[in-house]
Amino acid sequence: MLETYVENGVVAGLISLVSRGDESKVEVHGKTAYDGPELERDSLFRVASFTKPIVAAATMLLVDDKRLTLDAPVADVLPELAHPVVLRRPDGPVEDTVPAARPITLEDLLTFRLGLGESDNPALRQREQELGVHTFGPPIPRTELEPDEWMKRFGTLPLQYQPGEQWLYATGSHLLGVLVARVAGQPLGEFLAERIFQPLGMRDTGFTASDPDRLTTAYIGTDVLDPAVGSQWLTPPPFPDAAGGLISTVDDFHAFTRMLLEDGGGLLSPHSVAAMTTDHLTPTQREAAVGFLGPDTGWGYGVSVGGQYGWAGGLGTLWSTTPADRTISILLTQRAIWTWPEELFAEASTPAW
């Protein structure tokens, strides 16, 4: 079924993986680009928002280490957020603010309830653009700001909602990336490699393509977004994008998803995995987020939660885990997911394959 989308030119290529217990099936179809070589099982994809659960897991490693506490104010590590202000009205001007009712906590970042995210306030979006800290959308082109400068500018923004009040997508992950690096005392990519990628055998996952010859081309529709040759992922980023900047392979990401399904697999504590895969939203917050999360779906830490848990990558990837029958489904393509035909999204979201 999925192969027909390659044959019809809807996607240049795709890799699908389904596993249950110790059994797995992988199918590889198409090419690394419409005019490129054949896709291989170890081809490299920009997995975009698959980065979010990985960074959430990194945060929970530090919680397990007792170096972070979920209810602690993040200003202890991110002093740029020590005195947040909030728009008097969510749709109001950025200058009309009131003090935040309480500090922003670590759990606010993990659950995307810090009060700032994908905004429907044009004035707030414009201010983010002016500061160079706009956090939603493909990380292309990437920012040239270093993390400390990025945080300095970000800290001047008002929140759109009071901390804990509303679910807003994405920004919490960017802040987690800076926070994890500061607590660990090393760049985010190094911490992820030492504490997650190397223990799980994820040798091809990182913020830079491990092998330029295996990198796929990224598309919006059928237009090139980021080519394999000359890709920005061939050099280390000044600001590691903790919301969408990772490169990975189907087997690497499968190793991460199996770790979660196995209650942490000795890497994370079962308590941390349970926290990641439990819905933390109130009914009102779920209702407000339904256009993004879908009906009967909530949010854990870096993942959506319903009968399944998982997430999608905006540059063309889907993942779901069904704990009841211990099934993991992963689909990697190079076509931005918001340009998928409706029938592809519908079929891929219900992985009978």
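At what angle do helix H5 and helix H6 pack, and how far apart are their axes? The close-ups below take that up first, using a predicted model.

**View 1. Helix H5 packs against helix H6.** Here residues 147-154 make up H5 and residues 171-184 make up H6; the two pack at an angle of about 130°, and their axes are 11 Å apart. That angle is why H5 counts as oblique to H6. As for handedness, H5 goes past H6 in a left-handed crossing. On the H5 side, the contact is made by Pro147, Asp148, Trp150, Met151 and Phe154. H6 brings Thr171, His174, Leu175, Val178 and Arg182 to the contact. Sort the residues of this H5 and H6 contact by class and you get six nonpolar, two polar and two charged.

**View 2. Helix H2 crosses helix H6.** H2 covers residues 51-64, and its axis comes within 10 Å of the H6 axis, with a crossing angle of roughly 35°. This crossing of H2 and H6 is left-handed. Look for Lys52, Val55, Ala58, Thr59 and Leu62 on H2, which meet Ser173, Leu176, Gly177, Val180 and Val183 on H6.

**View 3. A look into the second largest pocket.** The second largest pocket holds about 200 Å³ of space. It is lined by 15 residues, and those closest to the pocket's centre are Gly189, Glu190, Gly206, Phe207 and Thr208. Taken by class, the lining of this pocket has seven nonpolar, five polar and three charged residues.

Notes:
Residues numbered from 1 in each chain as written. Predicted model: local features only at pLDDT ≥ 70, side-chain atom pairs only at ≥ 80, totals over all residues. Heavy atoms only, no water. Axes fitted to C-alpha atoms, helices over the stretch in contact; angles between N-to-C directions. Helix = DSSP H or I, 4+ residues; strand = E, 2+ residues; numbered from the N terminus. Parallel < 35°, antiparallel > 145°, perpendicular 65-115°, else oblique. Left-handed = near helix turned anticlockwise from the far one by under 90°. Contact = heavy atoms within 4.5 Å. Nonpolar A, V, L, I, M, F, W, Y, C, P; charged D, E, K, R; others polar. 1 Å grid on protein atoms, 1.4 Å probe; cavity = no way out; pocket = protein on both sides within 12 Å on 5 of 7 lines; lining within 4 Å. Points joined across faces, edges and corners; volume = space filled by probe spheres on them.
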